[in-house]
Amino acid sequence: MTTNIRRGKVPHSQAGIGEHLDQIYTQKGFFGNWAMLYRTNNPGHPKEWSNLDLMNMGADSNLLKPTDLTDPYGAPMALLTGDGIEISLSRRSKAMPFVEKNADNHQIRFYHRGEFELQTELGPLNVTAGDFVVIPIGVMFREVPKTEDNAVLIFETRASIKPAEEMWDSVGFTGFFIDYTLMEVPTPAPGTPETINVDTEVRVKLNGTYEKLVFGFDPLKDVVGWMGDPVVFKLNVWDIPGMGTSHGFLPPPGGAVLIGDDKSFIFTVQSPKPHPNVPAPDGSYGAPAHLNDYDEFWFSHRSEASPHREGHLWRLPPMVVHPGLKRPTTYPENPVQRIRSCTLNFDTRSRLSWSKEAQEAFLPDPHTSIYTSLYGAHAGFVQEELLKHVKK
């Protein structure tokens, strides 16, 4: 549509706040046709639901115990799966006694807790909490933990992964706000004949199952150099600035860092946003209610104000209303301090499904938990103030 229209009562701007619940409807994620509705009730709070695809549900990943937590030969635990997408959790505490190779999918490995040496064919990387590493399909690697209390969130995608600057360039919006020159790429660190020439098992994920190769050498230690594109690279969430507006909320793609080459998914880092400078009712802080045709996955990495949220994950299904949470704008007192709050968002065209294991860690009462777990971090609330601003 080339022209936006209005009908009925429009009590305040899109970014404003008032007595009505504002709800955005969008197509093609946040990139298609849209409509803002002003309601007297919140359709994000159904009394009953017959299917998990009809309800926003959250889980506490801290309660989950993948087999690699205690068994070096163990594997990550699947959390959510869809067509060409799998999101899983690893809590590996011991070094991989094998080299791993994913012949099915590309990977984004997000390091929520712990420190590791990540050995790859292109060289090693030291990774710590807040780092995320892209490992493309077919590239071999080995994780060697330096700590015992570890958590790694793994996003597997059939589509290849690229920096989101290409998406911003395509719509005429500069991506300079993300400094991709901070990207770290591995440098080969070849071993000695004694460490190279050893029988090495390679665990290969092929058609969804694990198969095995054995080489008479370690394929991660015999590479002396490489040239080409940064196929393996590392970034850190604290290097991604939060984007804001003078009025208020920007949709999740505003924090896009990585995308699928077919735009089938968007990987975003939601850092604290600058405070709006327009007061209510025209300005607000926080997210309106909304629904669209993408499946949304959210993960709370760090929440300084409410640490109980850390490790919580949420799935907001497509075409299900996310209830939203807004508050009037305020300005913090000086001196300026860095707010240690960070949430990951993974939007995908694929319809996701919860694993049975993840369902066992569901948070109680999703109607309340979505505020105390997800939207509280979204809107910069401390827990005690949350429910004062809820519109039901």
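Rings of Phe, Tyr and Trp (its six-membered ring) count as a pair if their centres lie within 6.5 Å; planes under 30 degrees apart are called stacked, over 60 edge-to-face, and the rest tilted. The whole structure holds 10 aromatic pairs by a search on these terms. The model is predicted, so local features need pLDDT of at least 70 and side-chain atom pairs count only at pLDDT 80 or more, while totals for chains, interfaces and linings use all residues. Residues are numbered from 1 along each chain as its sequence is written, and side-chain values use heavy atoms, with hydrogens and water left out.

**View 1. Phenylalanine 155 and phenylalanine 297 form an edge-to-face pair.** The ring centres of phenylalanine 155 and phenylalanine 297 are 5.8 Å apart and the planes stand at 80°. Phenylalanine 155 belongs to strand β12 (residues 151-157) and phenylalanine 297 to strand β21 (residues 295-303), so the pair ties together parts 142 residues apart in sequence. Strands (E, at least two residues) are DSSP runs, numbered from the N terminus. Phenylalanine 155 is buried at 0% relative accessibility, and phenylalanine 297 is buried at 0% relative accessibility. Buried means under 20% relative accessible area, exposed over 50%, and partly exposed in between (1.4 Å probe, protein chains only).

**View 2. Phenylalanine 215 and phenylalanine 217 form a tilted pair.** Their rings lie 5.4 Å centre to centre, with 45° between the planes. Phenylalanine 215 is partly exposed at 29% relative accessibility; for phenylalanine 217 the value is 29%, which counts as partly exposed.

**View 3. Six phenylalanines form one aromatic cluster: Phe132, Phe155, Phe265, Phe267, Phe297 and Phe346.** Among them are Phe155 and Phe297, the edge-to-face pair of View 1.

**View 4. The charged end of arginine 203 sits over the ring of tyrosine 210.** This charged end is 4.2 Å from the ring centre of tyrosine 210. A charge sits over a ring if NZ of Lys or CZ of Arg is within 6 Å of the ring centre and within 35 degrees of the ring normal. Arginine 340 likewise has its charged end over the ring of tryptophan 238, 4.4 Å from the centre.

**View 5. The largest cavity holds about 90 Å³ of space.** A cavity is a set of points, on a 1 Å grid over the protein atoms alone, where a 1.4 Å probe fits but cannot get out; lining residues have an atom within 4 Å of a point. Of the 15 residues lining the largest cavity, Leu21, Asp22, Leu325, Lys326 and Lys391 are the closest to its centre. Strands β1 (21-26) and β23 (325-327) each supply at least two residues of this lining.

Definitions and conventions
Helices (H or I, at least four residues) and strands (E, at least two) are DSSP runs, numbered from the N terminus. On a 1 Å grid over the protein atoms alone, a cavity is a set of points where a 1.4 Å probe fits but cannot get out, and a pocket is an open set with protein on both sides within 12 Å along at least five of seven lines; lining residues have an atom within 4 Å of a point. Grid points are joined across faces, edges and corners, and a volume is the space filled by probe spheres set on the points.
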